[in-house]
Amino acid sequence: RPSRRSASQRPEVQLSFEFFPPKTDAMEARFWESIDRLAPLRPRFVSVTYGAGGSTRERTLRMVSQIKGRSGVDAAAHLTCVGSSKDDVNAVVEGYKEAGINRIVALRGDPPEGVGQPFTPHPEGYKSAADLVAGLRRIGDFDISVAAYPEMHPQSLDWDADIDNLKRKLDAGAQRAITQMFFDNADYLRYVERARKAGITAPIVPGIQPIHSFKQISGFAAKCGATIPDWFAERFEGLDDDPDTHALVASAVAAEQVMELLDEGVTQFHFYTLNRSNHVLALARLLGRRVS
Ligand code: FAD
């Protein structure tokens, strides 16, 4: 079991951390404080999300442009194509390029009505994430990540369609997939097996969501189609008014999740930080990565 080997005897893990663009000065202060605490873990990159339809266009660009200079860590900008023409999206990409950003997380995004609602491409827009990846390739030599869904994307007709779509995105020129949050490792492991059987060889990096607040995360999970298993929910039952126990249980379940994945041979992890550093610092340490 790799988790029981000393650091020098186990494979080195690669980490990436996802942030969202802060809205207020106080949130921005917390964003930078977390970047400062997490940068010494030497992540492969730190990514900043993009409001579908471009609602955070300026803020995403501003944050990603500053990360490298302030922390020395590579930054990846998320980008969605929903609701925008190709020209609009390409202009954002040119902005990233000018700011020296060469990593992009390429996504379709969801219509304003929410996930699960039918997606209608902009008449002059990219039609899917795969189409967007192909467009990015024409503009520059980007390192591209795409999304993957261990429980299947809510709009996929079946597993074959879901995995075919992932393959299309990777074949169009993406280097890796990062998964949606999931809480049962069996879902992720089965998904990777399906992808490998379909000939996908690129890394499928698990997206790990530490539970800062069970209530908040269950809301996010419901919106994006990630299941919270009963056994998982039961662990947090009755803890809404007991923040200390909630925090300890949250650390324990996240530790269990990443250590199990490490023992399954996973060596790349993407953490949804929600702009906080505490859980991630502890989890990285368990994975053998310390602040240097
Ligand atoms: P696609 O890969 O294009 O696929 C979506 C669905 O459409 C799939 O079911 C696929 O099978 C189907 N499909 C695709 N092409 C076709 C076709 N030609 N015909 C029929 N069906 C087709 N959202 C944001 O708004 N901002 C973010 O910053 C953001 N970051 C994310 C980061 C990660 C790691 C993940 C996992 C998700 C993120 N999302 C973000 C959410 C994402 O935008 C949604 O999940 C969205 O619903 C799908 O985007 P996609 O890139 O996976 O789309």
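**Close-up views of a predicted model**

**View 1. Crossing of helices α9 and α10.** In this predicted model, α9 passes α10 in a right-handed crossing. The residues that make the contact are Ser 251, Ala 254, Ala 255, Val 258 and Met 259 on α9, and His 279, Ala 282, Leu 283 and Leu 286 on α10. Two packed helices are described by the angle between their axes and the distance between the axes. Here the axes of α9 (residues 243-263) and α10 (residues 278-286) cross at roughly 40 degrees and come within 10 Å.

**View 2. Helix α6 and its surroundings.** Helix α6 comprises 13 residues (185-197); at 1.5 Å a residue it should span 18 Å, and the 18 Å separation of its end C-alpha atoms agrees with this. The buried residues of α6 are Tyr 188, Tyr 191, Val 192 and Ala 195. Viewed down the helix axis, these buried residues fall within an arc of 100 degrees, and they therefore line one face of α6. Ala 186, Glu 193 and Lys 197, on the other side of the helix, are exposed. The elements covering the buried residues include α5 (159-171), β6 (176-181) and β7 (204-208). Just after the helix, Gly 199 adopts a positive phi of about 90 degrees.

View 3. Phe 182 is located in the loop between β6 and α6. With 23 other C-beta atoms within 10 Å, this residue is buried. Apart from neighbours within four places in sequence, Phe 182 is in contact with Pro 150, Glu 151, Asp 187, Tyr 188 and Ala 226. Ala 226 lies 44 residues away along the chain, yet the C-alpha atoms of Phe 182 and Ala 226 are separated by 6.0 Å.

**View 4. Asp 162 and Met 152.** Asp 162 belongs to helix α5 and counts as buried because it has 20 C-beta neighbours inside 10 Å. When residues up to four places away in sequence are not counted, Asp 162 touches Tyr 149, Met 152, His 153 and Ser 156. Its C-alpha atom is 10 Å from that of Tyr 191, 29 residues apart along the chain. Met 152, one of the residues touched by Asp 162, is found in the loop between β5 (143-148) and α5. Met 152 counts as partly exposed, with 18 C-beta neighbours inside 10 Å. Most residues other than glycine have a negative phi. The phi of Met 152, however, is positive, near 75 degrees.

**View 5. Helix α2 and its packing partners.** The 15 residues of α2 (57-71) should span 21 Å at 1.5 Å a residue, which agrees with the 22 Å between the end C-alpha atoms. Thr 60, Leu 61, Met 63, Val 64 and Ile 67 of this helix are buried. The buried residues pack against α1 (25-38), β2 (45-48), β3 (75-80) and α3 (86-98). Just after α2, Gly 72 has a positive phi of about 80 degrees.

**View 6. Arg 42, between α1 and β2.** Arg 42 lies in the loop that joins α1 and β2. Although Arg 42 is not a glycine, its phi is positive, at about 50 degrees. Arg 42 counts as partly exposed, having 15 C-beta neighbours inside 10 Å.

**View 7. The largest nonpolar core.** In soluble globular proteins, nonpolar side chains tend to be buried together. The largest nonpolar core of this model has 78 residues, of which Ala 77, Ile 104, Ala 106 and Val 133 touch the most other members. Beyond its neighbours within four places in sequence, Ile 104 is in contact with Ala 76, Ala 77, Leu 79, Tyr 96, Leu 136, Phe 142 and Ile 144.

Key. Residues numbered from 1 in each chain as written. Predicted model: local features only at pLDDT ≥ 70, side-chain atom pairs only at ≥ 80, totals over all residues. Helix = DSSP H or I, 4+ residues; strand = E, 2+ residues; numbered from the N terminus. Expected span 1.5 Å × (residues − 1). Buried ≥ 20, exposed ≤ 12 C-beta atoms within 10 Å, placed from the backbone. Arc of directions from axis to C-beta. Contact = placed C-beta atoms within 7 Å. Core = buried A, V, L, I, M, F, W, Y, C linked by C-beta atoms within 7 Å. Axes fitted to C-alpha atoms, helices over the stretch in contact; angles between N-to-C directions. Left-handed = near helix turned anticlockwise from the far one by under 90°.
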